[in-house]
Amino acid sequence: MPANSIPQRSFGKKTKKQNLPKAVPVIGLGCSSFANNFVDKEDDIDTELTVRQRSAHLLNETHPKVQEWVETLQLAIASGINLLDTAPWYGHGSSEIVIGLTLKKLEIDRSKLVINTKVGRYDAEPVEQFDFSYDMTIQSVKRSIERMGCEYINVLQLHDPEFSPSVDLLMAETIPAMMECKRRGWAKALGLTGYPLEMHYEILERAKTLSATKDDSIFDQVLTYGHFNIHNQNLCTMSINPNHDQSLMEYCEANSLALVAAAPLSMGLLTHDNPPFWHPASDFLKEACQNAACIAKEHNVNLPMLATLFALAHDGVGCTLLGMGCKRDVDNAISAVKRYAKVQDLEKCATSGIEDKGRSLRLQIQSKLFPILSESETKVLNILLNEVIGPFANVWQNNEQAWDGMKEADSFWSSVDGGKEAADIRMRLRSFK
């Protein structure tokens, strides 16, 4: 595989959406790494890199960490990773600023890049963290384009809608503003991203009423995170439709929505390090992931590499987003992609008679990856996916492979003066100022 060639998957062509790229790389760059708010330990926070939306443009571009981020992004793009997913929330502006600094250095043809950003989540202070108003949505998109100097956004995404004070607010304010940004040419396509899969379904269905036909989706892409990895395959297996058994992946396919999945390492759980201090997973799940890391270490297997290969194995995911905060991360990602490129189109392994969708899927992935895994990696993967003695056996049995995203949102608003009701009123009034 050439140095700058990354395997592609059909994307816009598959979904018949002209406003999406026809194909995207199997792996994309999750730009949350270019931020100060996702470090592993509180002691690692560098106050020199702490900015807010209003001051992000003052980020010191000579700071060693900023220079490292720019060099990392340059390497990623030069290596063929041309899909960048960012948000104003990432570093409270620093991620978008870093992309802008990099693009100035590269002077690359804009059409060669896929640059996606988000609206809805912004600063660290709880009362300023979320704003789903029409006015702020418009302002945010203009600011993102200016920061990155990117002319337009490929996919403008609604960020963490589970934190919206109400879905009605999204329907009245945020989504119409996003549609206006698309109408003005600031965004080519619209997307939705968050954690609770059932929230995706509710918004996607309700938003159809905003389309010209009252029946078509106004969204083009869905991005979910943490729901397709070694310990959690809910993206493909969990029912989101109360009327019949349909996963989000199946829903996207049925509604011609492109699908992107992020966090193949489960936001730091599937590594050889301790979980980040901010991670929302239960102690039960964290312990299971640490046991998995110990098993991998005992067999001299790199768990992040194995987890990345697992995530790349499903053709139903157009692109897998992986955070890369340094050049070593890019090199590791490219190594995984080079190995995955050797996977042949294999026949699905025999799964007849297996009723559990999760078990069937895991067997198929094991079969697909078998030709490219070492003997030790194969042994470790077999142990990790063992439903009797594996580290995740009780996790799956107790249905604790994920955390409760809606509970996280409710907990957030309970700590803010006035809660959801006051926030809903505040955001609606903002658009009338």
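User: What does buried mean here, and why is Asp160 called buried or exposed?

Analyst: Buried means under 20% relative accessible area, exposed over 50%, and partly exposed in between (1.4 Å probe, protein chains only). Asp160 has 4% relative accessibility, so Asp160 counts as buried. The model is predicted: local features need pLDDT of at least 70, side-chain atom pairs count only at pLDDT 80 or more, and totals for chains, interfaces and linings use all residues. Residues are numbered from 1 along each chain as its sequence is written, and side-chain values use heavy atoms, with hydrogens and water left out.

User: What makes the contact of Arg121 and Asp160 a salt bridge?

Analyst: A salt bridge is a side-chain nitrogen of Lys or Arg within 4 Å of a carboxyl oxygen of Asp or Glu. For Arg121 and Asp160 the N to O distance is 2.6 Å. Arg121 lies in the loop between strand 5 and helix 4, and Asp160 in the loop between strand 6 and helix 6, so the pair ties together parts 39 residues apart in sequence. Helices (H or I, at least four residues) and strands (E, at least two) are DSSP runs, numbered from the N terminus.

User: What is the radius of gyration of the chain, and what does the globule rule give?

Analyst: The radius is taken over C-alpha atoms, and the rule is 2.2 Å times the number of residues to the power 0.38. With 433 residues, a compact globule would have a value near 22 Å; the chain has 21 Å, which agrees.
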